[in-house]
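Please consider the structure shown below, with attention to one helix and its surroundings.

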Amino acid sequence: MRRAFIYFFTFCFLFAFCVCFSQNKEIDSLLTLLSKDKKDTNRLKHLYLVSDLDETIGNYDEGLVYGQNAVDFADELLVDATHEKNSSIILFAKKYKARAYNNMALIYFAQGNYSASLKIHTTAL
């Protein structure tokens with residue numbers, strides 16, 4: 001019984017290590033894409049994904065920075081798309097702006113800052 005527990009614990013540890021390693025690799029890939037992205041919807045999606053992965057692995061400070069960058073960039077896209085009357089970009093930017101706000105609220109919640117989390121969750125609506 002004790003041997004089975006040790007094997008199980010070792011397996012869980014190795015699995016968690018592999019998941020964290022693969023997420024860091026994915027963040028690196030997204031950061032490379034961000035450096036090459038034009039100012040379009042792909043950039044917004046990549047900013048959000050980096051923020052989401054940072055939140056998942058516990059890099060809360062970086063997650064907040066990329067989340068705020070996603071919100072700011074979504075605002076830029078909304079202004080441009082409104083002038084061009086491009087409804088598909090408007091919907092895309094609104095969706096990812098709300099997702100970025102939601103992710104930032106989750107980070108604040110994980111940090112124990114419940115009032116900021118509630119405020120940002122309300123903003124996301």
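In this predicted model, Val50 is in contact with Ile27, Leu30, Leu31, Leu34 and Tyr66, leaving aside residues up to four places away in sequence. Val50 also stands out within the largest nonpolar core: together with Leu44 and Leu47, Val50 touches the most other members of that 27-residue set. Two or more residues are given to this core by each of α1 (2-36), α2, α3 (60-84), α4 (87-111) and α5 (114-124). The largest share, nine residues, is contributed by α3. In soluble globular proteins, nonpolar side chains tend to be buried together.

The helix α2 spans residues 41-57, 17 residues in total. From its first C-alpha to its last, α2 reaches 25 Å, which is close to the 24 Å expected at 1.5 Å a residue. Its buried residues include the core members Leu44, Leu47 and Val50. Also buried in α2 are His46, Tyr48, Ser51, Leu53, Asp54 and Glu55.

Why does His46 count as buried? The relative accessible area of His46 is 12%, and the cut-off for a buried residue is under 20%; His46 is therefore classed as buried. This residue has its place in helix α2. Not counting residues up to four places away in sequence, His46 touches Leu30, Leu33, Leu34 and Asp37.

Just after α2 comes Gly58, which takes a positive phi of about 95°.

Definitions and conventions:
Residues numbered from 1 in each chain as written. Predicted model: local features only at pLDDT ≥ 70, side-chain atom pairs only at ≥ 80, totals over all residues. Heavy atoms only, no water. Helix = DSSP H or I, 4+ residues; strand = E, 2+ residues; numbered from the N terminus. Expected span 1.5 Å × (residues − 1). Buried < 20%, exposed > 50% of the residue type's maximum accessible area, 1.4 Å probe, protein only. Core = buried A, V, L, I, M, F, W, Y, C linked by side-chain atoms within 4.5 Å. Contact = heavy atoms within 4.5 Å.
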